[in-house]
Amino acid sequence: MQPERRTYAFAVTECMAALEASRKSDTSILNSLAFRGVVYQVLLASGVILLGWYLYHNAHLNLERQGIATGFDFIGERAGFSIGESLIPFDSAQSYGRALLVGILNTLYVAAFGVVLATILGVTMGIARVSSNWLISKLASGYVEACRNVPVVLHVIFWASVIRALPPPREALNPFDGVFITNRGVIYPLPVENAIYPWMGLALLVGIAGAVLFARWAGRRRELTGRNVSTFWPGLGIILGLPLLVWLAGGAPLEWSVPALRGFNFQGGTSLTPEFVGLLVGITVYTGAFIAEIVRAGIQSVPHGQVEAARAVGLRPGLVMRLVILPQALRVIVPPTTSQYLSLTKNSSLGVLIGYPDLVNVGNTTLNQTGQALEAISIMMAVYLMISLSISIFMNFYNRLVAIRER
Amino acid sequence: MTEIIAPTGDTAALAPVRKAARESEPPPTEKIGALRWLRRNLFNSPLNSALTIVAFVLVAYWGVSFVEWGILDAVWYTTDHNVCRQAAGACWAVIAEKHRPMLFGVYPYDEHWRLIVALVVYLATVTLTLTPYCWKRSILIPLWIAALAVMGTMLWGGVFGLTYVDSGQWGGLPLTMVLFTGTVVVGFPISILLALGRRSRLPAVKAISVTLIESMRGVPLITILFFAVNVFPLFLPEGMEIDKMLRVVVGMAIFFACYQAEVIRGGLQAIPRGQYEAAEALGLGYWRMTYKIVLPQALRICLPGIVNHIIAALKNTSFVLIIGLFDILTATTAVMQDPLWRRFFVEAYLFVAAVYFIFCFALSKYSQQVERWLNEGRRF
């Protein structure tokens, strides 16, 4: 039965009508479905309200007895602890509110990297699993089965321990020139800041917009004239060419800050902390396995006749994938991938285990210092709810773009 | 006039045909030689040939180094960590040396045999429960009552001359099993109620279910565990205390139930409206209709999803590391603080990963088998 939307007012009027009907027809009002529905709901709602009041009452008494402050006043107070890594300047003299903000930004930072890397890994492995190449597909399924049947907590702890066991800076691994992998994290070179770089970023955005406009124009032209205009190379040219022109116009400044060993640690370049790398690798490898399964299921959901038809009209294998299989598979892939992104974001809270200063880690320190467990945990839950909600709204919007459009 | 076979009466009439169909030979399989197989599966295009060669070289290289590290140069047994330090390969001796605290946590050392008995009883009970032969109330209910009694006696003790062990001292694999079973057993009925509540025609019931499900799904499990451990005691009246482990199990069960409820809701939505109408026409009330008609079909439809979340519940028990309950992973992490053996953490974690892998992989293979059993009756 389709659930009906009804308001209380409507239910009450219906209840009155049932009463009227029962008076006329001699059946007891107790047998009326509408009347029973109202009674059940009133009972349930009052039970929930009573329980809530009882818990609130107990909490109030307990907090008073233990002399714990209530309310969110602590947010403005001096935090008194320092945070290992931060996207915005922070020192221990600043407030708890600022510390929590640092935590939120760190959570978003690792989650954003994780989502991108897990998608790349998952799509690659998912396509590899349906490959006609026996060895490749077996390797991919080995990865998927091994990684998704082991808890994410173990993944994170394992990778964090691996990074802690790497050689110290003096004996650093050096896979590429200028990149060093040590137990203090990954250190890599970075161009020295120059006034021209923000303008190159702007040029990149303009280039992307230009490429999108060009692709639209090409599409319209194909619809009108039937003649195909290749968009890939011109688009790439616009996107990369504009920043390159700006760079050349600015005198082509290129100065790298290359890390070099001074004493016990590296100077120059920039680094990813070991906690960040451990957490990122752990959640990426775990979520990637789930995304690979989703991608495989999505590709296999496209009927084989579609592939045969596409080949019959003469499309090359790459184009069959891009124009025929993927657009249909995406409809199946997008909704479950959304929940994987959500769970990756929530799993980034495992940073607390290995000392990455994410929201839960900072919130936990706040909890221990102020003793205000209720408020600290409410803040964490509220922030995660908001993040989850934003991701679902964005992915629902994307899902509408790729969803099937029926006449 | 042609004779019409009534749909209800065809069972007996078609039995020989079905039997013949079932016993008929399978279609002949295509036999191909090894070379053709290689050509078809590994070298069917230039790109694939290149991929095969690259992948083969990598697999061979890593495989050989792994075999050298893990088998040929490995130390299998020693009580002296210095032997391991000098060896080039893996130190599996760390597992031989530390398996007791890893598997059983801080449970009193002399009583470990009780945990082994409890684990054997548990695994046997679960195995029997998963066998279709035992899917009868007359077997399952006595079986579980007996098993729970034995396991409770073994874990707690305090009777028959066994020393009492507080639940705070439970640890290792048995604790993982207790948390997992508790989560699923407590959570599953809640998940069914939530799924039904979310599809209820009563707005208040629906609102409460939706709020609970969506808010639980929006937050990480860690925050729920923090809540259960740090905040929940504040809500109890003075002098009342609930065991920490019980609070954690209930927290995980509600978390599990909210995910499971969404899976079951999917199954409920897939039931055709005619089924509800037919049940109502027969005069069944809401609960009887749900129990006899709707749920058996809905749960069968969403069985793969249900098993996925049960596997997730098993893996999620490892989150108790954060709040200091000594499950197998926490115990291993604690053991790996030992400065003499800590450098062999890879071996120890691989061992724990293998334990989780065996259970999770077996569960997922089992669910595929159940799907085949359930679909068997639908082939005709």
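Contact here means heavy atoms within 4.5 Å. With that in hand, welcome to a predicted model in which 60 residues of chain A are in contact with 57 residues of chain B. The whole structure does hold seven salt bridges over all chains, and several of them are described below.

**The interface between chains A and B**

- For polar contacts between chain A and chain B, the count is 11 residue pairs, both residues being at pLDDT 80 or more.
- On the side of chain A that touches chain B, at least two residues each come from α2 (33-66), α4 (134-148), α5 (152-164), α8 (274-300), α10 (317-347), α11 (351-354), α12 (359-370) and α13 (373-402).
- Helix α2(A) gives the largest share of that side, with 14 residues.
- By residue class, the side of chain A that touches chain B divides into 39 nonpolar, 15 polar and six charged residues.

- You will find A:Asn149 in the loop between α4 and α5 of chain A.
- A:Asn149 counts as buried because its relative accessibility is 3%, and the cut-off for buried is under 20%.
- The side chain of A:Asn149 reaches back to the backbone oxygen of A:Glu145, at 3.1 Å.
- Apart from neighbours within four places in sequence, A:Asn149 is in contact with B:Lys315, B:Tyr356, B:Phe357, B:Cys360 and B:Phe361.

**Salt bridges in chain A**

- A:Glu145, whose backbone oxygen is reached by A:Asn149, forms a salt bridge with A:Arg148, where the closest N and O atoms are 3.5 Å apart.
- Both A:Glu145 and A:Arg148 lie in helix α4 of chain A, three residues apart, which is about one turn of the helix.
- Both partners of this pair are buried: A:Glu145 has a relative accessibility of 17%, and A:Arg148 has a relative accessible area of 18%.
- Another salt bridge joins the side chains of A:Arg129 and A:Glu293, at 2.2 Å from N to O.
- This second pair links distant parts of the chain, with A:Arg129 in helix α3 (residues 96-129) and A:Glu293 in helix α8 of chain A, 164 residues apart.
- A:Glu293 counts as buried because its relative accessible area is 14%, under the 20% cut-off.

**The overall form of chain B**

- Chain B has 16 helices and zero strands.
- The radius of gyration of chain B is 27 Å, whereas a compact globule of 380 residues would have one near 21 Å.
- Taken along the principal axes, the C-alpha atoms of chain B fill a box of roughly 90 × 75 × 45 Å.
- Of the 380 residues of chain B, 42% count as buried.
- Among contacts in chain B between residues at least 6 apart in sequence, 67% join residues at least 24 apart.

**Salt bridges in chain B**

- B:Arg198 forms a salt bridge with B:Glu214, and their closest N and O atoms are 2.9 Å apart.
- This pair, too, links distant parts of its chain: B:Arg198 is in helix α8 (residues 172-198) and B:Glu214 is in helix α9 (residues 203-217) of chain B, 16 residues apart.
- Burial of the two partners is given by their accessibility: B:Arg198 counts as buried at 14%, while B:Glu214 counts as partly exposed at 32%.
- The bridge belongs to a network of salt bridges that links B:Arg198, B:Glu214, B:Glu262 and B:Arg265.

**One more stop in chain B: B:Arg300**

- B:Arg300 sits in helix α13 (residues 286-301) of chain B.
- At 35% relative accessibility, B:Arg300 counts as partly exposed, the class between under 20% and over 50%.
- From B:Arg300 to B:Gly285, the C-alpha to C-alpha distance is 22 Å, and the two are 15 residues apart in sequence.

How values were computed: Residues numbered from 1 in each chain as written. Chains lettered and ligands numbered in written order. Predicted model: local features only at pLDDT ≥ 70, side-chain atom pairs only at ≥ 80, totals over all residues. Heavy atoms only, no water. Polar contact = N/O pair within 3.5 Å; in protein donor to acceptor, adjacent residues only side chain to side chain. Helix = DSSP H or I, 4+ residues; strand = E, 2+ residues; numbered from the N terminus. Nonpolar A, V, L, I, M, F, W, Y, C, P; charged D, E, K, R; others polar. Rg over C-alpha atoms; globule rule 2.2 N^0.38 Å. Buried < 20%, exposed > 50% of the residue type's maximum accessible area, 1.4 Å probe, protein only. Salt bridge = Lys/Arg side-chain N within 4 Å of Asp/Glu carboxyl O.
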